[in-house]
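Please keep the sequence and the structure in view while reading.

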Amino acid sequence: MNAHHQASNYNFAYLDEQTKRMIRRAILKAIAIPGYQVPFASREMPMPYGWGTGGVQVTAAILGPEDVLKVIDQGADDTTNAVSIRKFFQRVADVETTTKTADATIIQTRHRIPETPLRLGQVLVYQVPIPEPLRFLEPRETETRKMHALEEYGLMHVKLYEDIARNGHIATTYAYPVKVEGRYVMDPSPTPKFDNPKMHMSEALQLFGAGREKRIYALPPYTEVVSLDFEDHPFEVQRFDKPCALCGAEAVYLDEVVLDDRGGRMFVCSDTDHCETRRVEGHRGEMGGEAA
Amino acid sequence: MFAQPSALEGGFARPVMDAQAVFRTVMDAMARPARVVPLNPMVTPPAPLSPAAAAIACTLFDADADFWLDSRLASHGAVVDWLVFHTGARSAPKPVDAAFALVTDIAAMPPLDRFAQGTQEYPDRSTTLVMQLPSLAGGSEMTFQGPGIKGHASIAPRGLPASFADQWRANGERFPRGVDVILADAEAVLCLPRSARLVNAEG
Amino acid sequence: MYVAVKGGEAAIDNAHSLLADRRRGDRSVPSLTLDQIAEQLALGVDRVMSEGSLYDRRLAALAIKQSRGDLIEAIFLVRAYRTTLPRFGHSEPVDTGAMAVERRISACYKDLPGGQLLGPTFDYTHRLLDAELEGDPEIPAGATRDGPPEAVTRIADILGAEGLIEEDFPATGQPGDINQTPMEFPLSRAMRLQSLSRGDEGFLLALGYSTQRGYARSHPFAGEIRIGEVEVEVFLPELGFAVAVGRVKLTECQMVNQFKGSAKAPPQFTRGYGLVFGQSERKAMAMALCDRALRAQEFGEDVVAPAQDEEFVVSHCDNVQATGFVEHLKLPHYVDFQAELGLVRTMRAEYEAGLGAPAVETPPTIEIREAAE
């Protein structure tokens, strides 16, 4: 038996058609019930659980030969796992890829939402490690499922408020829970809370795949997505003191780069495509060199 | 083995790519409800099953997703054989047992609450109805709001039962339980997920 | 001018090339053959087949070679391959009573029909390193019973004939398939046993051990352990009967456990069941202990220990899932880390300004609203 398959021995986009149908049915249900986690029979993938198998399965189930795929991790196209996943789809689906947010029809992401506003017709696929926002309050699936059924979300508010009482702040800085259309409390995946407002009324379809935990959920375009907060402690996003050192962008999410072991730091756009596009347009930050 | 030779013919010519194209059309329609989306069916099923409805069946039905046929479709052996051959799905005896329902005789269709509604804990365990209509235009106007709709969206499908508006409102009251509906004419589909709220209906 | 780090693709290619080099090791040492692995590391192959859920010695041997002997990595390779295979159907239940036993022991009876058959076991070996194995000494053919291996009565059936052990109900309907359906707790026992059978040996071993140390003690006796080949049959509707499609080697363990009886059931022994591919006695025994512990609610026992908690055990027994999620922590998380850094710096600044005491001293009136962002 020859276990060394060439890519051509696999079906288009790797998954067999029965698996794709199963995932497609789950996606339609997820879209119809925004924020609700649809169980699906997640398959073993040729990359480890926890490394994007849910996002990869969702992408594989929707991807077609006309699509242009972008894959990012931490906002960047060239992080190792993004490179690896992009390569996988080039190999098994021979699909066109891009790093340009505006050119992509499908964007698979881990931990960020692109800075460039997404448009109608684009699909953003999130890789989700723990889809259950209540999991860290209640480890049992049997219990959390009941809490969603009964809309019992008091525990979540108590947890956020305990943070405030202890720390003076809501100590949740990423995977910050949201409420969808006034019904389901949903985990936005471990994106920094900076990105939460981008989910609200986005023009793109947002699909969330959790492979190991076997759940798919969705936000259709124009869906109300509200970050949980309190009268006296309103939801706030992170702010940075300085603009991007390379392109000078403000009001974007920045990565901290340690320059030396004497405390030297710089802050640069986490969204590499956004930064490059701005620099091509001639924008410069304080360490970005001369404009061409 | 089958009643007519036509059961073996008329499926997707390129099953993998055709199913993907139909799915993306349906996904797009479900994500943006109450909007008519053209659909290239790429299948030729036996009458009275329409190509658009048949294309959806070939894309989504299989051994893990049983279908229910209304009595008009069920009386056409060729339709049953065709669906079984091309999808591998089985016909469910009752609407409440089916993942999907195909409805052509709209006047005689069971009310929406007779189909599987899902449970409060698993609202996804519900029936998706594919309703074959003479046209997605030319009927009385209905206006919807909800996720996927910017502001509001109006449609005027022809051939829906008179009680549809009331039934749809009741379906919405069961949220997150409830059914999702795909309306199809010969060339297009429009989707009404359970989240679509009917805010105005003519007549 | 600062230039952002690039070149993920080249780095990955280089890492793969270095991995291939290290896997091969010193080129002057002959490359391992799959036959050598399948024949001489047979128990490793059995574990990979069992936890990889694919009965194919050669593919398991290949996976062990490719993974440099990392068995969990090998299991992962086999799983990722098996998931691409078409699923034709399911076999009839195998009849372990008809097993051609190579080993069969019972701790419950001194002697019994078929006898105690030690087979190829490490039991009673003195664990002394054998310097002779540094070379390739002549090994005489093993001693076996005369004649081909034969079927012997299961101990559970001997107890069953006396009505002293709970009945073994025949399977009804379609068995579930953990590959085809998302988990929904509580699981059927069939689904639970499937999960345990391909669960991690080390995890089940530790949990089984914990039941012996009082965390859900179940008074187990190793009723029987048997290892041997069974025939696998598939029912063909076209023919109207089942046909044999092959033979597999299995290890079965039936634990006999105490139970006092209830209003409905007379006093009788209960069962814990383990069944795994290949020769894997430790795993089968641990599985049987866990199976019995997980049946606590069935027998009205209090659920007080980890081994009795189905959601806990089944959600964490799969080593492919576990290794993936534990190891995913090495993926970049710098975006989230930056978010935490920002908050800690803010809180530190407030602390140093003397504002760091908890901002709210009285329990807040929880007035909930959702920010419209």
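The side chains of D13(C) and K87(A) meet in a salt bridge, with N and O 2.7 Å apart. A salt bridge is here a side-chain nitrogen of Lys or Arg within 4 Å of a carboxyl oxygen of Asp or Glu. The model is predicted: local features need pLDDT of at least 70, side-chain atom pairs count only at pLDDT 80 or more, and totals for chains, interfaces and linings use all residues. Residues are numbered from 1 along each chain as its sequence is written, chains are lettered from A and ligands numbered from 1 in the order in which they are written, and side-chain values use heavy atoms, with hydrogens and water left out.

**The interface of chain C and chain A**

Across this interface the rule finds 5 salt bridges. The count of residue pairs in polar contact between chain C and chain A is 21, with both residues at pLDDT 80 or more. A polar contact is a pair of N or O atoms within 3.5 Å; within protein, one must be able to donate a hydrogen and the other to accept it, and residues adjacent in sequence count only if both atoms are side-chain atoms.

On the side of chain C that touches chain A, at least two residues each come from α1 (8–24), α4 (57–66), α5 (71–82), α11 (319–327), α12 (334–352) and β5 (368–370) of chain C. Helices (H or I, at least four residues) and strands (E, at least two) are DSSP runs, numbered from the N terminus. The most is given by α12(C), with 12 residues. By class, the residues on this side of chain C divide into 29 nonpolar, 14 polar and 18 charged. For this division, Ala, Val, Leu, Ile, Met, Phe, Trp, Tyr, Cys and Pro count as nonpolar, Asp, Glu, Lys and Arg as charged, and the others, Gly among them, as polar.

In total, 61 residues of chain C are in contact (heavy atoms within 4.5 Å) with 86 residues of chain A. The area buried between the two chains is about 6300 Å², and carbon and sulfur atoms give 59% of it. Buried area is the accessible area (1.4 Å probe) that two parts lose on being put together, summed over both.

Over all chains, a search of the whole structure finds 58 salt bridges. R198(C) forms a salt bridge with E44(A), the closest N and O atoms being 3.9 Å apart. This pair crosses between chains, from the loop between α7 (189–197) and α8 (201–212) of chain C to the loop between β1 and α2 (53–62) of chain A.

**The sheet of chain A**

In chain A, 7 strands form an open sheet of mixed pairing, in the order β1-β9-β8-β5-β4-β2-β3. Two strands pair if DSSP finds at least two bridges between them. β1 (38–39) and β3 (96–97) of chain A stand at the edges with a single partner strand each, so one side of each is left without a neighbour in the sheet. Strand β2 (residues 68–73) of chain A pairs with β3(A) in the parallel sense over 2 bridges, and V68(A) stands opposite E96(A) in β3(A). Helix α3 (residues 80–93) of chain A packs on the sheet, touching β2, β3, β4 (106–110) and β5 (123–127) of chain A. The direction of α3(A) makes about 155° with that of β2(A). Axes are lines fitted to C-alpha atoms, for helices over the stretch in contact, and angles run from 0 to 180 degrees between N-to-C directions.

**The sheet of chain C**

Chain C has an open sheet of 4 strands with antiparallel pairing, in the order β1-β2-β3-β4. β1 (100–105) and β4 of chain C are the edge strands, each with a single partner, so one side of each lacks a neighbour in the sheet. Neighbouring strands of this sheet are turned by 30° against each other on average, direction ignored. Two of its antiparallel pairings are tabulated below.

| Strand pair | Bridges | Opposite residues |
|---|---|---|
| β3(C) and β4(C) (residues 270–277) | 8 bridges | V256(C) and R271(C) |

β2(C) and β3(C) form a hairpin with 4 residues between them, and G240(C) in the turn has a positive phi of about 85°.

**Backbone features**

A cis peptide bond with omega of about 5° joins A47(B) and P48(B); P48(B) is in the loop between β1 (37–38) and α2 (51–60) of chain B. The peptide bond from F175(B) to P176(B) is also cis, with omega near 5°.
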